[in-house]
Amino acid sequence: MDITKFVVSHRENALLYGDYATYRAQLSRKLLNSRKKLNIATKSRGKFHPKAQITAEQISDNHEYLHLALLTAERTWAHAMSMKALHAADTKGMTSKTRSHIVSRLEKGARTAEKLADVLSQDAVSGANPNDILEARAYAALLRGAATFEKQSWEDCIVSYAVARMIYSALSTSTKGDIYKDLLTDTIDPSIRYAAYQAKIPRTQPIPSIARKAFAKADDDLVNRLKAVNPSVLEQGDVAMTGVAGAEGAPTTITWRSREVKIEDASIAVAWASAQTAKAKLNERLSSSNSLAPKDKAAAYDDILAATQDAVDATKQAIDELRGEGVTQSDSRMQSLQITRTAVNFEMISWRIGRNRVLAGELDGARATFDDLSKRGKKSQEAEQASERPKEEAPGRQIAKLKEKVVLYDGTLQSLETITELPGVANDQELFTRLQATSQYFTALKSLAIARSHSLAHNDANALALIRHALIQTESALPILSSISSEESSPARNILVSAADVQTLHSLLNGELQRARALVEIGEHNKNKKPSAGSSSSSNGNPLIGQLANYPSNGQVNLENIVVYPPRLEAIPVKPIFLDVAWNYIDYPEKIAAGGDKKQQPQRTEEVQEEQTQEEEKPKKRGWFGFGR
């Protein structure tokens, strides 16, 4: 029957181009069409008859009766929301008469939905499956919660929304799609949090725990139906808390730079616990498989990035709520939240930098490898390794891949700059110095990538200057990053740069600097060389290594053109010529069987020649009057 999908789709389609008043008008037209289909519409100027109650037999025969009840309940909800939105901009606030009118509309919709749920509960007659019954109960609880919310009956509001939350949490595991999750995050959770605040429930208590405690007041029939769908929801209160050791087991404190503060909001604690779980899963996945491609390794960071982003959003929301309540910055709760904000933002940016390091390649992209990150590129690379001569990529493609690395380094440098703007980071001299050294490390990698692109474009002088700049940056960062005590080795990369990485980059840049100097010297030497006029090798431009068999007539050799540099791919003879000539005089085993045919070939050729001579001797025919045709 798809009750939730029916309601949500109608709301989204109507509110996409209009408001609640437009939605109400659309529902009125659809209600009339539905009654006409069922042949129960009141005719023009006809006598009004009271509408009969919908029965289970009618729903079993025609699902249009189900849609009729849903449209009726939705129209009352849209009417209430349109009145609420109309008076939302009033500076004097909403009057008691308007509020009572809104409550009456929501009460009528809730009664209609509850009657529909009771009718569908007769599953033997109505033909509804367990999911349809649960969706009807959740929809009725959603409307009842909206009505109690407007009546400011906070205890009843929490109970109604808790029933809807538990049902939608259980259904989200058995079906695909984000309909239930959107309802939870956009409507139910904010309403429960506000009602809990009005009911003087501590903010440190998480929403799943509040919903589970309030759901204990529900009837036994609903509990049994939920156990049949997903019994873990009744224990955890939320499907997302299955691997986080329970909502009550979430961390209560957070440590930042040897300072431990209390987590002031339960949503932050739940998100932080999810981040720690995602971190353990990331380390386990990367340590179990060492042959993952860079893109596959980067995809493994998605869960922890999403979890840390949730923690950041929860912290920002908690700070905004305290500011809205008029709490000053000197308050202990605000101070704890500011430290928590710095800690969770640092953690999120750290894993974002680690993902960029994985995408850059081995040793943070310091080595000159141009591996393709896609699956097609990986297959072609394996084919080239299997062949004797690997195919070298064109310089244009190599420069394009170097540009991708530069983009990753720019993103890393921007993330490091964002960390320095967090509260309390600038005052921490040790952390600030360490961040500057890390920024110099990635600046050196960026300069090295740009230098390699200049080298591919034969701009050796620019490449030398960039490599020299990269070496200076590395020498500045080397003593700071090498003095940091090495923590436990983890397969997952983050913002921490080890001493081995800096030392490897330093030795690599020393070698690249010598190579760049040699290329510049060779280029300057080739520009200033003046070949002798009498040299035999300068006459035709061939290098001396290809003319070793020819003795110069004048005894002078041009030593400026010894070899071709840089070397290019040339063809060389690998087979003697006589093997190809001998092909016509060697009888191979497979041709012995056809020896008889070869003896008859001379006779056939003589016959063909005789036929050709006879055709030439025949007189040619002419046209009329002796002219040629």
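**Two helix pairs in a predicted chain**

Helix α8 passes helix α11 in a left-handed crossing, a term used when the near helix is turned anticlockwise from the far one by less than a right angle. By class, this contact has seven nonpolar residues, one polar and no charged, where Ala, Val, Leu, Ile, Met, Phe, Trp, Tyr, Cys and Pro count as nonpolar, Asp, Glu, Lys and Arg as charged, and the others, Gly among them, as polar. This is a predicted model, in which local features need pLDDT of at least 70 and side-chain atom pairs count only at pLDDT 80 or more, while totals for chains, interfaces and linings use all residues. Residues are numbered from 1 along each chain as its sequence is written, and side-chain values use heavy atoms, with hydrogens and water left out.

The axes of α8 (residues 154-174) and α11 (residues 220-229) come within 9 Å and cross at roughly 20 degrees, these axes being lines fitted to C-alpha atoms over the stretch in contact, with angles from 0 to 180 degrees between N-to-C directions. The two helices are therefore roughly parallel, as angles under 35 degrees count as such.

The axes of α18 (residues 395-420) and α19 (residues 429-456) come within 9 Å and cross at roughly 165 degrees, which makes α18 roughly antiparallel to α19, the word for angles over 145 degrees. Here too the crossing is left-handed, and the contact residues divide into 15 nonpolar, seven polar and three charged.

In the protein chain, buried residues (under 20% relative accessible area, with a 1.4 Å probe and protein chains only) make up 38% of the 629 residues.

Methods: Helices (H or I, at least four residues) and strands (E, at least two) are DSSP runs, numbered from the N terminus. Angles under 35 degrees count as roughly parallel, over 145 as roughly antiparallel, 65 to 115 as roughly perpendicular and the rest as oblique. Buried means under 20% relative accessible area, exposed over 50%, partly exposed in between (1.4 Å probe, protein chains only).
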